[in-house]
Amino acid sequence: MVSLILFGRLPSAGKVKTRLARSLGEEQAAEFYRLCVENVFQESARLPENVQRYFAYSGTSDSAEVQRWVGPQFHLFAQTEGDLGRRLEHAFDIVFSRGAQKAVIVATDVPELSADTLQCAIRALDSCDIVLGPCPDGGYYLLGTKQLHRELFADIPWSTDQVLDGTLKTIRRLRLSLHLLPMLPDIDTGEDLRRWRSEPAARGSHPIHAFVRSLDL
């Protein structure tokens, strides 16, 4: 069984993308985030039926409201407290305890994330231990594994530009085999969004592209 876990929260103004809101305002930042997450919903729906989908939501969200938004195709669980590493570890722990043989966690603020990328990550786990999707800011947008390696979440400087580098060092130290996916940007700030809007990938027909082109950046 394969588990795909989306990390996210309800797209409420003032509660999401607070750094992006400094450039766009709270309403537009929340709308951008909503479009990003719903794009991942759509892309994940294109995966094979044996992929069990989860939405790991912020513990401060109302679970009934989250379920109405994500739909019945997603199983829900609340993220635990603590830093990102603790929350990732907890999420992997949950799905492996429920019988997952492969598990992939993805961020929900990556507008270029596609079903092809997700499927590539899942397939790569047939022949390697770890899959990583790097971001230009020094983090990663995707982490896949076939078992819980708790060391991947220890002594990592979360919320810095050293997350990817620290994770790669741990993978090498553990002698785990690795598949690196194409680099994709996550959008945290107005500068991130301006930079992405100038790229060819931002010129598609999805509602997120039209929304970004309409912004006064």
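Trainee: Which strands do the buried residues of α6 pack against?

Mentor: In this predicted model, helix α6 covers residues 163–173. Its buried residues are Val 163, Leu 164, Gly 166, Thr 167, Leu 168, Thr 170 and Ile 171. The strands they pack against are β5, β6 and β7.

Trainee: Which residue with a positive phi follows α6?

Mentor: Helix α6 ends at residue 173. The residue with positive phi that follows α6 has a value near 60°, and it is Arg 175.

Trainee: What is the strand order of the sheet, and which strands lie at its edges?

Mentor: The sheet is open, has 7 strands and shows mixed pairing. Its order is β3-β2-β1-β4-β6-β5-β7, and the twist averages 20° from one strand to the next. An edge strand pairs on one side only, and here these are β3 (75–78) and β7 (178–180).

Trainee: How many residues of β6 are buried?

Mentor: Strand β6 stands between β4 and β5 in the sheet order. A residue counts as buried when its relative accessible area is under 20%. By that cut-off β6 is mostly covered, and the number of buried residues is 6 of 6.

Trainee: In which sense does β6 pair with β5, parallel or antiparallel?

Mentor: Strands of a sheet pair through backbone hydrogen bonds, in one of two senses. Strand β5 spans residues 130–134 and β6 spans residues 140–145, with 5 bridges between them. Ile 130 stands opposite Thr 145, while Pro 134 stands opposite Tyr 140.

Trainee: Which residue in the turn of the β5–β6 hairpin has a positive phi?

Mentor: The hairpin leaves 5 residues between β5 and β6. Within that turn, the residue with a positive phi of about 95° is Gly 138.

Trainee: Is Thr 117 buried or exposed?

Mentor: Thr 117 is found in helix α5, residues 115–124. Leaving out residues up to four places away in sequence, Thr 117 touches Tyr 141 and Leu 181. Its relative accessible area is 13%, so Thr 117 is buried.

Trainee: How are α2 and α8 oriented, roughly parallel or roughly antiparallel to each other?

Mentor: Helix α2 (residues 26–44) packs with α8 (residues 207–214) at an angle of about 155°, and their axes are 9 Å apart. Angles over 145 degrees count as roughly antiparallel. The two helices are therefore roughly antiparallel.

Trainee: Which residues of α8 meet α2?

Mentor: The crossing of α2 past α8 is left-handed. From α2, the residues in contact are Gln 28, Glu 31, Phe 32, Leu 35 and Cys 36. By class, the contact has 7 nonpolar, 1 polar and 1 charged residues. On the α8 side, the residues are Pro 207, Ile 208, Phe 211 and Val 212.

Note on methods
Residues numbered from 1 in each chain as written. Predicted model: local features only at pLDDT ≥ 70, side-chain atom pairs only at ≥ 80, totals over all residues. Heavy atoms only, no water. Axes fitted to C-alpha atoms, helices over the stretch in contact; angles between N-to-C directions. Helix = DSSP H or I, 4+ residues; strand = E, 2+ residues; numbered from the N terminus. Parallel < 35°, antiparallel > 145°, perpendicular 65-115°, else oblique. Left-handed = near helix turned anticlockwise from the far one by under 90°. Contact = heavy atoms within 4.5 Å. Nonpolar A, V, L, I, M, F, W, Y, C, P; charged D, E, K, R; others polar. Pairing = 2+ DSSP bridges. Buried < 20%, exposed > 50% of the residue type's maximum accessible area, 1.4 Å probe, protein only.
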